[in-house]
Amino acid sequence: FDEVGNVSCFDETCTLLQEQGKAKAINALRTKRKYTHAYGIGDGGTDFDMYAGGAVDDFVGVGIHVVRQSVQEKCRQSGRAFVTTEAELRDWIRNRC
């Protein structure tokens with residue numbers, strides 16, 4: 001950070017900054033740790049890409065603080081859940097544990 005608190009640089013080699021970076025990171029974790037199930041939770045398009053890219057078995061779109069219409073529509077089109085309250089999110093998580 002610079003003297004006024006702005007980001008002045010970042011690690012340009014970070015997997016998460018690459019296209020499908022979250023999916024790549026999750027796939028690496030699944031391979032390394034031998035996870036049989038992975039679930040995605042997110043409010044943005046790159047979060048949904050985890051599901052679209054096959055890195056997670058299921059995905060829930062979250063619109064608790066802000067509803068991003070593009071994510072809500074992707075969830076609707078793919079049959080994935082989209083929640084707008086914390087209670088709905090807790091229920092979604094409980095149903096997968």
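The dialogue below takes up the sheet, the cores and the cysteines in turn.

Analyst: This is a predicted model, in which local features need pLDDT of at least 70 and side-chain atom pairs count only at pLDDT 80 or more, while totals for chains, interfaces and linings use all residues. Residues are numbered from 1 along each chain as its sequence is written, and side-chain values use heavy atoms, with hydrogens and water left out.

User: What is the order of the strands in the open sheet?

Analyst: Helices (H or I, at least four residues) and strands (E, at least two) are DSSP runs numbered from the N terminus, and two strands pair if DSSP finds at least two bridges between them. Here three strands form an open sheet in the order β1-β2-β3, with parallel pairing. Because β1 (39–42) and β3 (81–83) stand at the edges with a single partner strand each, one side of each has no neighbour in the sheet. Three bridges join β2 (residues 58–62) to β3; V60, for instance, has A81 in β3 as its bridge partner.

User: Which strands does α2 touch?

Analyst: Contact means heavy atoms within 4.5 Å. Angles run from 0 to 180 degrees between N-to-C directions, with axes fitted as lines to C-alpha atoms, for helices over the stretch in contact. Helix α2 packs on the sheet and touches β1 and β2, its direction making about 165° with that of β2.

User: Which residues make up the largest nonpolar core?

Analyst: A nonpolar core is a set of buried Ala, Val, Leu, Ile, Met, Phe, Trp, Tyr and Cys residues joined through side-chain atoms within 4.5 Å. Buried means under 20% relative accessible area, exposed over 50%, and partly exposed in between (1.4 Å probe, protein chains only). The largest core has eleven residues: A23, I26, A38, F48, M50, A55, V56, F59, V71, C75 and F82. Helices α1 (21–33), α2 (45–52) and α3 (69–78) each supply at least two of its residues. Apart from this core lies another, of five residues, including V60 and W92.

User: Is D47 buried or exposed?

Analyst: D47, in helix α2, is buried, with a relative accessible area of 10%. Not counting residues up to four places away in sequence, D47 touches K22, G42 and F59.
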